[in-house]
Amino acid sequence: MKSYIIEGGRKLEGESYVSGSKNASLPIIAASILNGGVTKLYNVPNIHDTQKMLEILKKLGCKIKHNSGKIIIDSKNIKRWEIPEDLMRQMRSSVIIAGALIARFQKATFSYPGGCDIGSRPIDLHLKAFEKLGVNIEEEAGFIHCQSDKITSAEIQLDFPSVGATENSILAAIFADGETVIKNAAMEPEIVDLQKFLNRMGAKVTGAGTNIIKVQGVKRLKDVSYKIMPDRIEAGTLLCMCAATGGKMFLKDVKPDHLAPVLHKLEETGCKIEIKDTSIILEAPKKLKAVDIKTMPYPGFPTDMQSVFSAMLCFAKGTSIITENIFESRFKYMSELKRMGAKITIEGRTAVIKGGKRLSNATVSATDLRGGAALILAGLVARGKTKVENIGYILRGYENLDQKLNDLGAKIVIKEGE
Ligand code: UD1
């Protein structure tokens, strides 16, 4: 089992960059099977989750080539429409392949997806949307069989603006006859990136970034090349890590607009933020101030930033109140922070952090991807050596995190089998 060993107490200072977005890459890789041809993708982060997604595509019959940072997917000869159960269990976003398979072959079989354990993560909204589009769904021994004679356009009203259900609805409707309208759609930037990719391929999708998305069915799609957007959660993670250590950094290859709710909160803590086109300069104050955060669907404060931001607030002066509105079990990492001395009380979806305490080094264990990043942040500030175990979760979603942090002056290494 791999661990991170961090020697804390060093300011993060200097220049860094943001990799391609995980949450944009995964649905775009899934959508690449729609054209039955060749897709060239640039800026896909080399992380476990994208590798798994490509592995699923290979199992379905796609040919995949990696060519100096470029991924080429040839989806002409897909022979299967069952998503392999083991891979489905490892990664929740594999469910997005279902929408693409339904659009192209009018059928898909898959089991309930797995992924990070951050609360119950049902797929009822995805299945309801498929049914609206004329898909017949049968469940048998834990497997879901989707089948349709013809995908028909529909009006889909989502009960909640789920990111995954919005993406699956768009993909499944790509070849439907007529116009599909998705209401109460998620507005996340990753959905805008998916729309751009699909339209570059010849699809007719409009409205991404608002809560009404329209998909005008097309007959066929063409080969495509596309560059994935920067990862706004990785950007936020690096900025919070720098702020917690009292440092100063220049972060490039970022879309500052996507980070507006996070930057606004960082300013409230006393950080100086300067935006220059696709770069952000952050300068931490001598002492961070406590702030309250409430996670909301975009453009609210992202749930994916809740853990890292909360870990940073453990070092801020005063009391912060954190409300998690999206996933009910997204505070698990806090019990690990408490082992390092953090003063946190949790009641339901609310956590109260009494900040300003010195945390001490300890051996802690990652409970999920972003919670794992929160523990690294704590280790970067705490005096002495912190060991973060179970880092498989973190490697799922951050590209070269140790190298990027070391380049900023941290001391962090990956140890095998400790
Ligand atoms: C995506 C992101 C994840 C992020 C989340 C919320 C990817 C690969 N993952 O996950 O990093 O934390 O958005 O911003 O893009 N829900 C239902 N029924 C459903 C689907 C969702 O009740 O059928 C609920 C979930 O339990 C959760 C809420 O809706 O409470 C939001 O989930 P959703 O937006 O679907 O998250 P994901 O797409 O899984």
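This is a predicted model: local features need pLDDT of at least 70, side-chain atom pairs count only at pLDDT 80 or more; totals for chains, interfaces and linings use all residues.
Residues are numbered from 1 along each chain as its sequence is written. Local features need pLDDT of at least 70, side-chain atom pairs count only at pLDDT 80 or more, and totals for chains, interfaces and linings use all residues, while side-chain values use heavy atoms, without hydrogens and water.

**Salt bridges.** The structure holds 17 salt bridges (a side-chain nitrogen of Lys or Arg within 4 Å of a carboxyl oxygen of Asp or Glu). Select Glu155 and Lys183 to begin. Their closest N and O atoms are 3.2 Å apart. Glu155 lies in strand β9 and Lys183 in strand β10, so the pair ties together parts that are 28 residues apart in sequence. Helices (H or I, at least four residues) and strands (E, at least two) are DSSP runs, numbered from the N terminus.

Next, select Lys404 and Glu234. Their side chains form a salt bridge at 2.5 Å, N to O. Lys404 sits in helix α14 and Glu234 in helix α8, 170 residues apart. Both are buried (under 20% relative accessible area; exposed is over 50%, partly exposed in between; 1.4 Å probe, protein chains only).

Now go to Glu336 and Arg339. This salt bridge spans 3.7 Å, N to O. The two residues are three apart in helix α11, about one helical turn.

**Helix α6.** Select residues 163–172. Nine of the ten are buried, among them Glu167 and Asn168. At the N-terminal end, Ser162 caps the helix: a side-chain oxygen lies 3.4 Å from the backbone nitrogen of Gly164.

**Last stop.** Select Lys79, in the loop between β5 and α3. Lys79 is exposed, at 63% relative accessible area.

How values were computed. A polar contact is a pair of N or O atoms within 3.5 Å; within protein, one must be able to donate a hydrogen and the other to accept it, and residues adjacent in sequence count only if both atoms are side-chain atoms.
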